[in-house]
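Dear colleague,

Please find below the structure for your review. My notes on it follow directly after.

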Amino acid sequence: KKKERESGWPIVSFIPYNNAMVCFITEIGFCNGVTRAIEKRKADGKGKKLYLLHPLMHNEIENGKLRKELNATLLDGDFSDFEFPSDALLVFSAHGTEEHKKETAKKKGIPYLETTCPIINSRLKQLFSHLDGCRIFYLGKPTHPETISFLENNPEAIYLQSEKDIPLPDPKTNKAVLFTQSTLPTELIENAKERVISKGYTLSYKSSPCPVYEHRLTQALEALKDREIPFTYAVLGDKSSSNTNGLLDGIKEKYPDSNGFILSSPKDIVKENRQGRDIFLACSTSISKESALEIYTALVKLS
């Protein structure tokens, strides 16, 4: 309780069960950006038939729950030929949306709702304030909605995939900016920065990872620093989620002899990895508090 008061983040249990312990070492539940997007969809979608262009988050289970709750339909791919009913509301991704999709919705007369994460909007605003005379470099996963929307909206950006993707600076200016997918780990961003600088560029701006993701990783590492190695930990979230994998890799990098895995639901729990062991839970931002507590309860029962 003292630790909780000092840190401001919830510790669900440090109570031992049959000589084993289950506890959260990070905040639990969605980040504010996801929560805001869900609330906005619920509020603005009342009385409307919702059509989602993208899943809200990289979590198949949570997306399924949300679609059922909102009675929403997920559209896969191009919607230019889709016949919407008169009470339709098109909902764009929290990761950002390509401008041509907004134009298509306007031409079809379909009202749409933007739920872009405030952190992503803030990062974009910072980027555009540093663009004067700069070449834009971008780093991100090619299939991620953030990457797709950014590259389509900024076709002049140079997508970094290898050293060959970095041209030499213009003779008139060597200024550049580096923008990255928000859930990439710091190490990848720093590596890209060094690659760009090694080509002779001066960076006037470099984006940072999502502060919520960074905060939860910091929480996890701080909580584990005095634990006896090897310890066992689980990151709660979907295996397709960048921030879930980032938390897993971030802890593993700091504590390479630890035993870590991802849990998306109680069905993923392997009993042999649980019995008689303490287990520390780090929660990604793409799993709800309710789902996290379901996994927690299932782990306790296996103690």
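Predicted model: local features only at pLDDT ≥ 70, side-chain atom pairs only at ≥ 80, totals over all residues.

Across the whole structure, a search finds 14 aromatic pairs, where rings of Phe, Tyr and Trp (its six-membered ring) pair if their centres lie within 6.5 Å, with planes under 30 degrees apart counted as stacked, over 60 as edge-to-face and the rest as tilted. Phe 82 and Phe 84 form an edge-to-face pair, because their ring centres are 4.8 Å apart and their planes stand at 65°. Phe 82 is partly exposed at 31% relative accessibility, whereas Phe 84 is buried at 13% (buried means under 20% relative accessible area, exposed over 50%, partly exposed in between; 1.4 Å probe, protein chains only).

Residues are numbered from 1 along each chain as its sequence is written, and side-chain values use heavy atoms, leaving out hydrogens and water.

The protein chain averages a pLDDT of 87, and 90% of the residues score at least 70. Over residues 1–18, however, the pLDDT is below 50; beyond near neighbours in sequence, this stretch has 34 contacts in the model (heavy atoms within 4.5 Å).

Ser 264 counts as buried, at 13% relative accessibility. Leaving aside neighbours within four places in sequence, Ser 264 is in contact with residues including Ile 61, Asp 238 and Ile 295.

Yours sincerely

How values were computed:
pLDDT = per-residue confidence, 0-100.
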